Amino acid sequence: MSIEAPDLSLAALLPLLFVFGAACVGVLVEAFGPRESRHPVQVGVALVGTLGGLVTTLLLAGTGEVTAGGALAVDGAAVFLQATIAGLAALSVLMFAERNLDPARSAFVVSAAVPAGSVRDRELLTVQRVQTEVYPLTLFAVGGMMLFVAANDLLVMFVALEVLSLPLYLISGLARRRRLLSQEAAVKYFLLGAFASAFFLYGVALVYGATGSVRLADVRSAVGAGDGEVLLVLGLALLVVGLLFKASVAPFHTWTPDVYQGAPTPVTAFMAACTKVAAFGAILRLLYVAFGPEEWTWRPLVYGVAIVSMVVGAVLGLTQTDLKRMLAYSSVAHAGFLLTGVLGYPGAGDPAGSGLPATMFYLLAYGLTTLGAFAVLTLVRSGDGEATHLSQWAGLAQRSPLTAAVMSLFLLALAGIPLTSGFTGKFAVFRAAIENGAWPLALVALLASAVAAFFYLRVIVLMYFSEPAADGPTVGVPGLPTTIVLAVTAAATLVLGVVPGSVLALADQAAIFVG
Amino acid sequence: MSDSLLLLAMLVVPALGAAVVAALPGDREATAKQAALGVSLVVLVLAVLAALAFDPDGERFQLTSSVPWIPGFGVDFALGVDGIALVMLLLVGVLVPVVVLASWRDTSPGRRSMRTFFAWLLLLEACMVGVFAATDVFLFYVFFEAMLVPMYFIVGSFGGPRRQYAAVKFFLYSLVGGLVMLAAVIGLYVVSEAAGEGTFSFTALNDLDIDPTAQRLLFLGFFVAFAIKAPLVPLHTWLPDAGAEAPIGGAVLLVGVLDKVGTFGFLRYCLPLFPDASREFAPLVLVLAVAGILYAALLAMGQSDMKRLVSYTSIAHFGFIALGVFAFTTEAGTGAVLYMVNHGIATGLLFLVVGMLIARGGSRLVGDYGGVAAHAPKLAGVFLVAGLASLALPGTNSFVSEFLVLIGSFPTRPVFTVLATVGIVLAALYVLLLYQRTMHGPPRGVLFPADDDATAGTAVPEPGHAAGATAASPAGVTTTGTAGTATLTRAAGVATRVRDLSRREVAVVAPLVALVLVLGVYPQPLVRLVEPAVAATMSDVGAGTPDSSEGTD
């Protein structure tokens, strides 16, 4: 018996190899590097890994090949999304590396194993030692995400899902302050995430049962031929549930507010930006590539879920009093808007549709804006960490006009006001939906945007039109890393709003799925 | 400078001015004011140059320029004006310097710098220019929405006691309308894409033949946005709040220009792009318009807050404008456009005078004033002119436009026109009652504290009194304004509290008073600019009767 070696295009795999390689180096540094020098080295390794991933994906622009024995599809869409993930991850790593804001020099706990509230824990609270395991863990998650959007095979997709999820569960529990909340978030995320993974896996099994293959291309031909429809549709539903969970689409969003609130804010930013991109990348690939010929199987489902997500996100967002939870519900609402773009699928055989590029552009724009918004959250602090309660933000514009102005920019972008990236993104996805006749959905989406605008505005009202509280929070002076993050995200939010032409064109060119 | 760059300059100059004013250090308020005044005067000059360069008998859109903006969406950065847009630009050009001058001595609530106010004002001017000068529907939408942000901050940061509520209400109403319009804007693009090439260019879209069902949906999308903006009656509730809470300068621009974007939108977008749907929905719109005229006039009479009162009169006037637009005759349409300009001038003036009165007394309530005319004759005189212009007395500018609207609407819509005429009588009532109560009668109210002792039972104690009163008495009299400690003689009280118009205030109102009178006697230049554009619009909607338009000359 002879085993054929699968074809392996190393060039196409370079970004993945780069990121995973950096992650492994990070583990070695963690094991053998001297403690004093670990932090700068780990930050350097993580930055090299993510930026290297970004550069190598950019070099791949224009490729469209199926490689690794058909398991990976490195096509325009995959490259665009991988580059987005790598870039956003690099910005997140910069936020992790911020050492000026917290008096104890880091947002992460010194020793996660010490029980919260114990004597040892209280001793460690003020120690200026920093723990660095978060960097290799993040790199593994980033690698998983980049694998996720390129997976051309349901099993690889599942493996990628686990590779990206497990480190995320861990790093959400690493907050230095309010540790119980953080640990609760980690456990919730893990339990619900495990359920979602099980759904996904069961879906893979059913699809395999119906078609005899886990390759997306084989599923596609089976779907086209009309084999085993009941099993297929059931399998599809389970697969989609697993993915919607990761994308925090309502009604699978219940973990989102708790985890966003409990996790350390830089980690929340990383999850909000990168996980969303990865999950939607996988949703797009699964629906368009595997189930494209039989739209009816998923269109009603996505249509309904999109409405639920927009309404739930917008309405529950209104009732929040904590900024991190508010941004979590905002993320749920935006997931609904993204699904509106997903519905802009023009049908099989018509590659010129605007749904795919619109959704990809929205992911990029939303990722940058939400990352920036969370970065602003890390600046505003009271005695016990970040001041995330709404009332604490009253009159912030008088304390720190620049911080308030930057936050307002992000909030207006999230609300979709013209001349910000949020508007361009919304316009793109709604146009895609209306072009495909889904104008009632677009109308619901627009009304949901109006409702959501209310809670974004409320923050602006508080910052600008209210008098500051006497014992309000202080606005920390960020170090270089957070300053870079804020500058990049704010500039991108404006540029993608005022002159989005070239990026839209890029997304248009990249909107190709092979496989 | 090439003519086609005039519009771009009108857009860029105030935007850059706003950036410069905002970047000034916090203690340079005087410089900020001077810079804002200078920039707004430059824009006025540019607007006049544009009017001179415009040939009323030439192409429909002139001074055009266009560069691709977002090729992926088929969006061009296309500017150009027809006669209607041009007169609105002139109105913007006139009102903004007046508002800057009127806000010269304003102080902001809290510790905010007035510098920010002037920066927002200039940014608002840039957006207003953009909204009227855009000939690309997408570009129009962008300015339409972007305009909300500066006004939101003007109301929310510098307004009255309930400014937060008013600012959010204003923003959300407009945003909801705008988002519904966004759906229609995208729909328009999709329709044009199906008919050939996807475009947002107004002229290209105007040539399209859209099927009736799509027309109906798209018309409604645009209509809701404009009806909220204008505002027509069931959707008007945000305006009295915003108008009452906005600082005077903001209120003038809000009612004088921002709301005109709604009626401008009817004329520019609803009628030409969706002629069938416009004809179909016209009766409905006319019902709303006439209901607005009567209902808002009645509400205006019942108001005790002067700024709310003026806001309600505006809603009534917007009813007249909508009547003129949807009567589908060239005279009525021309009248409606003139009404948009004249209302901006007349109501702007009325708001300014009311603001000057409020600055003296510190109270917005009608009942807190009385007998002001005897001590401040110039103030009362201007108040009277503004009031008469609002009720459209012959010889004032509004008369021309109101008369044109009514005479133009009567042949096609007699019933609505007759009902609207009742609104004129009501207008006379609410304006004259306001004037009589505040300016005549025995001296009483917050400006005459000596009398408060006699009428202490009826005087409403309000915290604003003391502050307003001391602000209005630079002589530094030690009165606290409360009835019990006001031991001044009446003569002294009058001397310190009721100042007549200062030279700055005269400079603020003089141009508007002059316009009220000049345009009342000789409206011909405006009519000449507006009429060809209206005739073109009416022929788009298939209802114009070009030969009947001679009557307006």
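How many Å should the 20 residues of helix 12 of chain A span? Keep that in mind as you open this predicted model.

**Stop 1: helix 12 of chain A**

Select residues 299-318 of chain A, which form helix 12. At 1.5 Å a residue, the 20 residues should span 28 Å. The end C-alpha atoms are 29 Å apart, which agrees.

Now colour the buried positions of this helix. Among them are A:Val302, A:Val305 and A:Ala306. Further along, A:Ser309, A:Met310, A:Val312, A:Gly313, A:Ala314 and A:Gly317 are buried too. What do the buried residues of helix 12 of chain A pack against? Show helix 9, helix 13 (323-342) and helix 18 (439-465) of chain A, and you have the partners.

**Stop 2: A:Met271**

Stay in chain A and select residues 265-290. This is helix 11, and A:Met271 lies in it. Is A:Met271 buried or exposed? A:Met271 counts as buried, because it has 26 C-beta neighbours inside 10 Å and the cut-off for buried is 20 or more.

Leave aside residues up to four places away in sequence, and A:Met271 touches A:Leu168 and A:Ala263. Then pick A:Thr256, which is 15 residues from A:Met271 along the chain. The C-alpha atoms of A:Met271 and A:Thr256 are separated by 10.0 Å.

**Stop 3: loops of chain A**

Go to A:Pro251. It sits in the loop between helix 9 (229-246) and helix 10 (255-262) of chain A. Look at the peptide bond joining A:Ala250 and A:Pro251: it is cis, with omega about 5°.

Next, select A:Arg178, in the loop between helix 6 (154-172) and helix 7 (179-211) of chain A. Its phi is near 50°, a positive value in a residue other than glycine.

Move on to A:Leu419. This residue lies in the loop between helix 16 (401-415) and helix 17 (421-435) of chain A. Phi of A:Leu419 is positive as well, near 70°, and again the residue is not glycine. A:Leu419 is partly exposed, with 19 other C-beta atoms within 10 Å.

**Stop 4: chain B as a whole**

Switch to chain B and show it as a cartoon. How many helices and strands does chain B have? There are 23 helices and two strands. Chain B has 553 residues, and 61% of them count as buried. Take the contacts in chain B with a separation of 6 or more: 80% of them come from residues 24 or more positions apart.

Now select residues 134-426 of chain B. UniProt, in an unreviewed entry, places the feature "domain: NADH:quinone oxidoreductase/Mrp antiporter transmembrane" here. Over this stretch the chain is 78% helix and 0% strand. The end C-alpha atoms of the stretch are 37 Å apart.

**Stop 5: a cis proline in chain B**

Zoom to B:Pro231, in the loop between helix 9 (212-229) and helix 10 (238-245) of chain B. The peptide bond from B:Ala230 to B:Pro231 is cis, with omega near -20°.

**Stop 6: helix 15 of chain B**

Select residues 330-361 of chain B, the 32 residues of helix 15. At 1.5 Å a residue they should span 46 Å, and the end C-alpha atoms are 45 Å apart, which agrees. Where is the kink in helix 15 of chain B centred? Centre the view on B:Asn342, where the kink is about 25°.

B:Gly362 follows helix 15 of chain B and has a positive phi, near 75°.

Now pick B:Val353. B:Val353 and B:Leu89 have the most contacts inside the largest nonpolar core, which has 433 residues. Apart from residues up to four places away in sequence, B:Val353 touches B:Leu379, B:Val382, B:Phe383, B:Ala386 and B:Val509.

**Stop 7: where the chains touch**

Finish with both chains on screen. The contact takes 29 residues from chain B and 28 residues from chain A. On the chain B side, helix 5 (137-146), helix 6 (148-158) and helix 7 (163-194) each supply at least two residues. Which helix of chain B gives the largest share of this side? Helix 7 does, with 16 residues. Colour the chain B side by type: 20 residues are nonpolar, six polar and three charged.

Note on methods:
Residues numbered from 1 in each chain as written. Chains lettered and ligands numbered in written order. Predicted model: local features only at pLDDT ≥ 70, side-chain atom pairs only at ≥ 80, totals over all residues. Contact = placed C-beta atoms within 7 Å. Helix = DSSP H or I, 4+ residues; strand = E, 2+ residues; numbered from the N terminus. Nonpolar A, V, L, I, M, F, W, Y, C, P; charged D, E, K, R; others polar. Buried ≥ 20, exposed ≤ 12 C-beta atoms within 10 Å, placed from the backbone. Core = buried A, V, L, I, M, F, W, Y, C linked by C-beta atoms within 7 Å. UniProt positions renumbered as here; feature names shortened; annotations may be inferred. Expected span 1.5 Å × (residues − 1). Bend = angle between axes of the 7 residues up to and from the residue.
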